[in-house]
Amino acid sequence: MRIVGGPSSAELAERIAEALEAPLAKTRTKRFPDGEFYFKFDEEVSGEGLLIVQSLDPPQDAHLVELLLMVHTAEDLGARSIKAFIPYLAYSRQDERYLPGECVSSSMIAEALENLGVDALYTVDIHNMNVLKKYRIPTRNLTAAAELARYFASKELKEPVIVAPDDEEMALVRAKHAARAIGAGYDYLRKERDRHTGEIRTFAKEMDVAGRDAVIIDDIISTGRTAANAARILKEQGARRVFAGVSHLLLRGDALKLLRRAGVEEVVGTDSVKNRFAKVSIAPVIAKALTEEMP
Ligand code: R5P
């Protein structure tokens, strides 16, 4: 299998190639003066099995078009199989028509990828498994929760507790994974989001965190409000240190300031999203999944 790194995930693709001891496909990309994307394979891919790696973090629309053009080219040139590794699958939060007349954006992404020739999709800590039910091709949701927890465990945590900042099914699954990886317990908070204003409210509850280190584990930090609300509650209840680890650290607007003000000591993401906080790699996670599937 050859690894094809898209513009959003070139370094991650290199790490995956290294982990799998697989070749990186030679490609060329550029932007035309008017902003349009140009993509070219600089080697023969006819008859080859390809793994296209491209996260859909912001600017997600540009990254999406890049991905679609790469998939189209691979199919057009006769690749034998096209697997897509899309660590951050943008538009997954719009997984149903929450208000009348809304676009179900995640369905559009599924149809586009399938129609262009993707044979299998791999992603990381998807917001909601319902998104993957829209696909007819095989899909696999991987998790970075254990890797994130292990990163924080190296900081000599005191009686660590993993905290899910909301009680959605996948949030609890991630918290359990993280807790198991470092032999800690876990707890969760309940959160409500106003579908019209986007405002969120996290409900305080009594938690056994006094004097202990708490690690908030989530799929995404975008505005930072979810994690900041959770951190504030944990600090109010006497948590010694609060950390936050997420698979997709989007950090929009004042997110970082908000997290610091709420008492988060360190925030860490994975290389699903390129930024200075991406200290955990998901390359071993996808490499292990692909190796397990090999005949
Ligand atoms: C939503 O329920 C997700 O699991 C995240 O908690 C959420 O997307 C984080 O967004 P924000 O940082 O804007 O609160």
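Which residues in α1 meet which residues in α8? Hi everyone, let's start there. Leu12, Arg15, Ile16, Ala19 and Leu20 in α1 meet Ala283, Ile286, Ala287, Leu290 and Thr291 in α8, where contact means heavy atoms within 4.5 Å. By class, that contact of α1 with α8 has eight nonpolar, one polar and one charged residues. For the classes, Ala, Val, Leu, Ile, Met, Phe, Trp, Tyr, Cys and Pro count as nonpolar, Asp, Glu, Lys and Arg as charged, and the others, Gly among them, as polar.

A quick word on the model before I go on. It is a predicted one, so local features need pLDDT of at least 70 and side-chain atom pairs count only at pLDDT 80 or more, while totals for chains, interfaces and linings use all residues. Residues are numbered from 1 along each chain as its sequence is written, and side-chain values use heavy atoms, with hydrogens and water left out.

The axes of α1 (residues 10-20) and α8 (residues 283-293) come within 9 Å and cross at roughly 45 degrees. That makes α1 oblique to α8; angles under 35 degrees count as roughly parallel, over 145 as roughly antiparallel, 65 to 115 as roughly perpendicular and the rest as oblique. Axes here are lines fitted to C-alpha atoms, for helices over the stretch in contact, and angles run from 0 to 180 degrees between N-to-C directions. Helices (H or I, at least four residues) and strands (E, at least two) are DSSP runs, numbered from the N terminus. The crossing of α1 and α8 is right-handed, meaning the near helix is turned clockwise from the far one by less than a right angle.

Next, the sheet. Six strands form an open sheet in the order β9-β8-β12-β13-β14-β15, with parallel pairing; two strands pair if DSSP finds at least two bridges between them. At the edges stand β9 (185-188) and β15 (278-280), each with a single partner strand, so one side of each has no neighbour in the sheet. On average, neighbouring strands of this sheet are turned by 35 degrees against each other, direction ignored.

Look at β12 (residues 213-221) and β13 (residues 241-249): they run parallel and are joined by eight bridges. Asp213 stands opposite Arg241 in β13. Helix α5 (residues 169-182) packs on the sheet and touches β8 (161-164), β9 and β12, its direction making about 170 degrees with that of β8. Helix α6 (residues 225-236) also packs on the sheet, touching β8, β12, β13 and β14 (264-270), and its direction makes about 170 degrees with that of β12.

α5 has a helix partner too. α4 and α5 pack at an angle of about 45 degrees, with their axes 8 Å apart, and they are therefore oblique to each other. This crossing is right-handed as well. Ala145, Ala146, Ala149, Arg150 and Ala153 in α4 meet Arg174, His177, Ala178, Ala181 and Ile182 in α5.

Arg150 turns up again in a salt bridge with Glu147, the closest N and O atoms being 3.6 Å apart. Both residues lie in α4 (residues 145-153), three residues apart, about one turn of the helix. The structure holds 24 salt bridges, each a side-chain nitrogen of Lys or Arg within 4 Å of a carboxyl oxygen of Asp or Glu.

Finally, α2 (residues 60-76) and α3 (residues 105-116) pack at about 25 degrees, with axes 9 Å apart. That makes α2 roughly parallel to α3.
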